[in-house]
Amino acid sequence: MSAKAISEQTGKEFLYKHISPSAAVQNRFHYATVTAETDWDRLTQENQWLLTKRLVVKPDQLIKRRGKLGLVGINLDLQGVKDWVKTHMMKDTTVGRAKGVLKNFLIEPFVPHKQEEEFYVCIYAVREGDVVLFHHEGGVEVGDVDAKALKLTVAVNDKISEEQVKEQLLSHVPEDKKGVLASFIVGLFNLYEDLYFTYLEINPLVVTSDGVYVLDMAAKIDATADFICKSKWGDVEFPPPFGREAYPEEAYIADLDAKSGASLKLTLLNPQGRIWTMVAGGGASVVYSDTICDLGGVDELANYGEYSGAPSEQQTYDYAKTILSLMTREKHPQGKVLIIGGSIANFTNVAATFKGIVRAIKDYQEPLKEHEVKIFVRRGGPNYQEGLRVMGEIGKTTGIPIHVFGTETHMTAIVGMALGHRPIPNLPPMAAHTANFLLNASNNTVTPANTRTASFSEPKMANDVSPAKKSKAGLPADAQASSGCSGGMEAKATTLFSNHTKAIVWGMQTRAVQGMLDFDYVCSREEPSVAAMVYPFTGDHKQKFYWGHKEILLPVYKNMADAMKKHPQVDVMISFASLRSAFDSTVEAMQYPQIHTIAIIAEGIPEAQTRKMIKMADEKGVTIIGPATVGGIKPGCFKIGNTGGMLDNILASKLYRPGSVAYVSRSGGMSNELNNIISRTTDGVYEGVAIGGDRYPGSTFMDHVLRYQDTPGIKMIVVLGEIGGTDEYKICQGIKEDRITKPVVCWCIGTCATMFASEVQFGHAGACANQASETAVAKNQALRDAGAYVPKSFDELGDLIRTVYDELVASGTIVPAQEVPPPTVPMDYSWARELGLIRKPASFMTSICDERGQELIYAGMGITEVFKEEMGIGGVLGLLWFQRRLPRYACQFIEMCLMVTADHGPAVSGAHNTIVCARAGKDLISSLTSGLLTIGDRFGGALDAAAKQFSKAFDSGMLPMDFVNKMKKDGKLIMGIGHRVKSINNPDMRVQILKDFVKQHFPSTQLLDYALDVEKITTSKKPNLILNVDGFIGVSFVDLLRTCGGFTRDEADEFVEIGALNGIFVLGRSMGFIGHYLDQKRLKQGLYRHPWDDISYVLPEHMSM
């Protein structure tokens, strides 16, 4: 959603902070907000003017016409304000059809003035620019300003001057006020543009001899411009419409949405309602709400919401558990229904998202049964059969009634089933995967001849494809001025795509590109439709893709200029740029006249930027599809990105060859649903475009309807309109004026909006009616009156399309042709594996860590749980090394071992090597590795060897003296015994610290006691033959593994055998080595050269002579 209403206090704060000082605004920052929790003493302390000025108080909750409703207290002192607030605070109030509670108030200074000093000013956005309305009579009785006010339209990219304002808006204003008003309006317009307002109304605006006073203000800002305006806006709070509470669950989902690349929306309408929805897709969510309301469920509809854009399993789980939590708080005497619906997804993995929903149902299975919840599911798209299977299984295992349907069922049929208006059919089991296209229907592995490029119902027409504009490849428009490019408006192409269309894809969207190539192949195109990719974050390179059965390479360029220059045949750009970079990349693409169509996929581009792109595109004759779209498709010729979904849906909807029906919709998901409906009711789709859900799509319904009207192969047109905007009225006009003569079947979704008491912003940014004419109900009636075919509801859309098509067939306008089977496209390995169709031995196996889910997992324990339990380094090491949650004392012992082995000075071999390497200018990794390579039985690596030797002797029953004698007889050193510096008379304090801890906390220390007995024998022979720190840690760790209760004897011995204990020294000493490296760098030590006098040169005598 883009345009969001802000509170009056927020709007005035923006104005006072950022309007030009020359605007002469008075009472800057003189406002105070009051709620039920307000401390009046503190408020007056922070706003001393409250004690001295006469005051005005009013609710600040997006309520219109407060003056007429008696909701403004005027010319009061502070006590009067307190009394007024007291009588209104937390009181139920009805405004129109909305019932709400007054709880937020705004106090401002009272401004004494005359009626003739009140004015009205409003600025709002339209497609072509911004409109400034001004009326010389403001206030409560302003009336119909649209009819009364003077109007100044400021085109996109244009500025206004004070002279313009005076001439066009201030003709009825006294001369002495024109100057200050003109200055204020210019400053207000600049503020409106700079802070990305979409609507800004001040009524009344008071002008006295002191200056300008902003009394009442209503405003909306473009919330998608947050990344541009954050420094000016700060943290903006968007209040809900009056009559609807702001629920914490809505804020939670909004936070999830902000952190996700997917779209997650939730609006609570009636938390006590019995009908709950969890719908995938912005357009589909509106259709389901419409159908519920059409079937009489408006008073029981609990929520509006949608999830789309391929949310992860975890995100879907979080969304679903929020819905389930809300719907299982209060019981309903009739039980409740949950509608999990959606259109046919283009790219969302349905099985993955359903797994998240299934997890939530498992967690809430008891409350769901207690509240008698019935669940109805309908979905299609990638891997939907697996998704429906798991949904059906969870119903069987939990005992919750879950009815599951796929693409064979009309999208909204489950609503009628859920509300008892139609029977629930018993469907046969569905296929378990989407691998229909593994079967070679044509028994041919090569691409067939190009036989299906014209309409499915008629021969190919020579003039059906208009060639793209010719231009000098790779040169921007300004470099071709001498070639005849003019600066005026250029005509746009009637035919956007042919079976020879070539495109550049902006963004590293390999899955979408592979989908386009598979579509090309199944359509029998001679060459891939993607010529190259542009990705500025890597260097030029080649990217591997499949063309049918063989691999091909597509070039990827760092900059667009190179791509355009090397591929002059390209005339389409598909932009997967992010909302932040889409504007710049689109503007750059339009500098190249070879480009005549641009598809912009990104959602959330600020409207001001979109309007600038539209203006530039109109001037250059470029057609823009989007923003906020999946794209479009022309069967047999070309598809944009992920449009049409995967190949099984392409085949099921017969999108590999043209039919006779063209459609245009706003929603991408609903466009795929139209593919399904049209393929089932007619001979198929000729072309389909989703223009996008934003308020100002790059191209309009009428743009495409006129193209379809002028395309001979198209025999009928389907339009899926939407609440918001007035584009559909242009279709009405075109039908009335006979500019459109082909049959038009049209339905505008969003009819439910007129039934809601408060305003609801639907999933698409443009899906909100700002006036009666923008409602879906009004537009459907206008289309019906104009002569379009309009069904009674979306449920009947397919039937009406079939009726119109059958009439065209009966009249001979359409002659259905023989089906031609498409070639086989092999399934990608990754997708086949996802569907469980193949298996292959894994190259690696791991049992300690899994990073694939929403959070990192250590040996089955989530990282959040690791921190919650304060497991520390020792606990993490226990999980990753031993796959166990070790006792607290064991974790502490591990951490102590790491501490005592961290370093032993610069003289030991490992530290010495690290220092020499660091001084040679090597990097950290090289220096650390140099030190680690010295670790072995002679230095630091004796932990494992000591553990093995002592364990073997102890386990065999050998006495300590016998063990010492045997090792001496065999000529072997006892690992872990002996130290170059420390002795029985100069003990190693590290060993002493560890010994005290082990003796106090370990359940048993049998092997340590054995080793200490051996030490008594060895030190009696030589004082420095002590049990050193390596030996102590080695034998103590064996005691730990054997006695902590977490391991069997075999498991404990296995860890010793595979070298786990040496890891303690390696990990600990790495800390010291890194310290020595950093120390040498910090001290800026130069290259080390060992001194001669510390080297004994022992050469043969004849050589020294």
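1. Cys637 counts as buried, at 4% relative accessibility (buried being under 20% relative accessible area, with a 1.4 Å probe and protein chains only). Cys637 takes part in no disulfide, and the nearest cysteine sulfur, that of Cys523, lies 7.5 Å away. A disulfide here is a pair of cysteine sulfur atoms within 2.5 Å.

2. On the basis of the model, this is a predicted structure in which local features need pLDDT of at least 70 and side-chain atom pairs count only at pLDDT 80 or more, while totals for chains, interfaces and linings use all residues. Residues are numbered from 1 along each chain as its sequence is written, and side-chain values use heavy atoms, with hydrogens and water left out.

3. Cys732 is likewise in no disulfide; the sulfur of Cys746, the nearest from a cysteine, is 7.7 Å away. Cys732 is buried, with a relative accessible area of 5%. The structure holds zero disulfides.

4. The second largest pocket holds about 1100 Å³ of space. A pocket is an open set of points on a 1 Å grid over the protein atoms alone, where a 1.4 Å probe fits, with protein on both sides within 12 Å along at least five of seven lines; lining residues have an atom within 4 Å of a point. The volume is the space filled by probe spheres set on the points, which are joined across faces, edges and corners.

5. The lining of this second largest pocket comprises 34 residues, with Ile977, Gly978, His979, Arg980 and Asn1028 nearest its centre. Two or more lining residues come from each of α32 (960-969), α34 (1006-1021), α35 (1029-1043) and α37 (1062-1082). The largest contribution, three residues, is that of α32.

Technical notes
Helix = DSSP H or I, 4+ residues; strand = E, 2+ residues; numbered from the N terminus. Buried < 20%, exposed > 50% of the residue type's maximum accessible area, 1.4 Å probe, protein only.
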